[in-house]
Amino acid sequence: TGTGKGERKNDGSNIMRRDIVEKITQLRHHLHAHPALSLQEKKTKEALKAFLKENASNLLIEDRGHWFYLLKPSEKKKYPPMAFRADMDALPIEENLDCSYSSTVPGVSHKCGHDGHCAALCGLAMELNEADDLGFDSYIIFQHAEEVGKGAQECVQLIEEKKISEIFAFHNLGGFPQGSIVVRRGLTQPASKGLTIRFEGKTSHASNPEEGKNPIFAIGKIIALIEEELHREHDGMLLCTVVNVQVGSKNFGVSAGEGEISMTLRAENESEMEELENLLRDKAKDLAKNGGFFVSFTEDDPFPETRNHDESLDKVVAVAKEQNRKVIFMPEFWRASEDFGWYLKKCKGAIFYIGNGEDYPPLHTVSYDFVDENLEVAKDIFLGLIQKYGSKFL
């Protein structure tokens, strides 16, 4: 039926105006062409705000520095606020797509689909812009720095500040039919953290290693401990992947005086990951004390467990089925980490996945690009959740 602002598709689902589809697709392409790394998303944020001011002017924008949120306020507040989240940052991966919207930033590209996440929620904002009073405040969070695990830790303050009762997000995912809704109960993505252990000793001539303090054997003992611990039984998956070892150089006349080992810890249960980290730290401190080294530790990219709440996930599944979308339950959790888990520690919520295609290029690879058709899928699910919220689900 006509709306005066563009035709709607009539396919039995929550229907999206074609003009909205076109605008958010163009927006997605603009974001893709102008990517920004974590904590550098200023231009991305400004582009999103400009789009929303033009296309969703009835909604309120609140800038919080690195991030911002959009509010559809309600005067007839019958139910607690709900929220949706998109992430804005790109990756340090060279673009190799030959298309009209290829990345214009050398060495940086949207190879995780955050351009699509943002564009889909802008589509939701355009729908909410014309909606009547919902009976509750609805927030859309545009979050920074997901790729390095820092963004949600800042944005999560909004949950308690605004007394948000439920939050939803999506991610695109290869290996599943395009447009399918992929879900998992409980743990859906594990906790992880980058850890670097650095030893500083004393350099010496290679002919007199006893006059120096070379950390290579200390680092070797750390590696041996990692192997030993990973062969023990654990309550769930526990990984410690050594990603880098750096000791000295190919100067055959020098015995190194400093070195470091970097690893990624990953686990189903945060408690087991913390136990392993503490064990490694204690071992490093003992080795430093006995070997006469100075030892230091650096943490990077901390991510929590992401555990869906059953009630919220049930809502996603119900809406997807009403929209005649294929729903697939994942038998195993997705091993990549996601900082959406910080929100789920504060309120109910769920993250679901939208299939890119069974043979689609994996995320974080040079051939990947967000599937434009999934913009409409994501927006429709979110709109369906809003339409159901406060009614038969509560």
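Which side chains meet in a salt bridge at 3.4 Å, N to O? The side chains of Lys379 and Glu127 form this pair, a salt bridge being defined as a side-chain nitrogen of Lys or Arg within 4 Å of a carboxyl oxygen of Asp or Glu. Lys379 belongs to helix H10 (residues 373–388) and Glu127 to helix H3, so the contact ties together parts that are 252 residues apart in sequence. Helices (H or I, at least four residues) and strands (E, at least two) are DSSP runs, numbered from the N terminus. Lys379 counts as buried at 0% relative accessibility, and Glu127 is likewise buried, with a relative accessible area of 9%. Here, buried denotes under 20% relative accessible area, exposed over 50%, and partly exposed the range in between (1.4 Å probe, protein chains only).

The model is predicted, with local features requiring pLDDT of at least 70 and side-chain atom pairs counted only at pLDDT 80 or more, whereas totals for chains, interfaces and linings use all residues. Residues are numbered from 1 along each chain as its sequence is written, and side-chain values use heavy atoms, with hydrogens and water left out.

Lys77 is exposed, at 53% relative accessibility, whereas Asp137 is buried, at 10% relative accessible area. A further salt bridge joins the side chains of Arg85 and Glu338 at 2.5 Å, N to O. Arg85 lies in strand E3 and Glu338 in the loop between strand E15 (327–329) and helix H9 (341–344), so parts that are 253 residues apart in sequence are tied together. Both Arg85 and Glu338 are buried.

Helix packing was examined next. Two packed helices are described by the angle between their axes and the distance between the axes. The axes are lines fitted to C-alpha atoms, for helices over the stretch in contact, with angles from 0 to 180 degrees between N-to-C directions. The axes of helix H1 (residues 18–33) and H3 come within 9 Å and cross at roughly 150 degrees. H1 is therefore roughly antiparallel to H3, as angles over 145 degrees count as roughly antiparallel, under 35 as roughly parallel, 65 to 115 as roughly perpendicular and the rest as oblique. Residues of H1 in contact with H3 include Arg28, contact meaning heavy atoms within 4.5 Å; Asp115 and Glu127 are among the H3 residues met by H1.

The axes of helix H2 (residues 42–55) and H3 come within 10 Å and cross at roughly 20 degrees, which makes H2 roughly parallel to H3. Leu48, Phe51, Leu52 and Asn55 in H2 meet H3 residues including Cys118 and Cys122.

Phe142 lies in strand E4 and is buried at 0% relative accessibility. Leaving aside neighbours within four places in sequence, Phe142 is in contact with residues including Leu48, Leu52, Cys118 and Cys122. Phe142 and Ser271, 129 residues apart in sequence, are separated by 30 Å in space, C-alpha to C-alpha.
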